[in-house]
Amino acid sequence: EDIKRVLGFIKYSTGKLPLPDSIVLDKWRPHEDIHAFMDGIPAEPFRDKTLYPFVAELEANYPAIRAEFAALCANAADRFQSVTSMNYASGWQTLVLYFNGHRSRFDHSL
């Protein structure tokens, strides 16, 4: 089932499969800028973390993750960029860690 979802993601991303009407016809969803859609994942603001075993590991490593992020912010604010027109309009920016399968080049000694 997961591989079908990933294959669908690729088809949506490459334009070989149109987005579902539930998204396209929803006036509150700017579907023109959706570049990462996976069918079958509900749009919920919060999820039960017990459904995702990896969450416990992320929570346990929160101090290290936060410190690494703080170092990135302190030393290179220009690393953040707008990656879609939705980002430009809203003011959101993204720290791109991987792009097209390639790891971004940062000073990893931070």
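View 1. Lys49 counts as partly exposed, at 47% relative accessibility; here buried means under 20% relative accessible area, exposed over 50%, and partly exposed in between (1.4 Å probe, protein chains only). This is a predicted model, where local features need pLDDT of at least 70 and side-chain atom pairs count only at pLDDT 80 or more, while totals for chains, interfaces and linings use all residues. Residues are numbered from 1 along each chain as its sequence is written, and side-chain values use heavy atoms, with hydrogens and water left out. The side chain of Lys49 meets that of Glu59 in a salt bridge, 3.0 Å from N to O (a side-chain nitrogen of Lys or Arg within 4 Å of a carboxyl oxygen of Asp or Glu). Lys49 sits in the loop between α2 and α3 and Glu59 in helix α3, so the pair ties together parts 10 residues apart in sequence. Glu59 is partly exposed too, with a relative accessible area of 43%. By this rule, the count comes to one salt bridge.

**View 2. A nonpolar patch on the surface.** Leu51, Tyr52, Phe54, Leu58 and Ile65 make up this patch, with about 490 Å² of accessible area together. Patch members have over 30% relative accessible area and no salt bridge; like charges are joined within 9 Å, and nonpolar side chains (Val, Leu, Ile, Met, Phe, Trp, Tyr) within 5 Å. Areas come from the Shrake-Rupley method with a 1.4 Å probe, and for residues only the protein chains shown count as cover. Tyr52 belongs to the loop between α2 (21-24) and α3 (54-60); helices (H or I, at least four residues) and strands (E, at least two) are DSSP runs, numbered from the N terminus. At 30% relative accessibility, Tyr52 counts as partly exposed.

**View 3. Ala36 beside Phe9.** Ala36 is also in the loop between α2 and α3, and it is exposed, with a relative accessible area of 53%. Its C-alpha atom is separated by 6.8 Å from that of Phe9, although the two residues are 27 apart along the chain.

**View 4. The whole chain.** Five helices and four strands make up the secondary structure of the protein chain. Along the sequence they follow the pattern α-α-α-α-β-α-β-β-β. Of the 110 residues, 17% count as buried.
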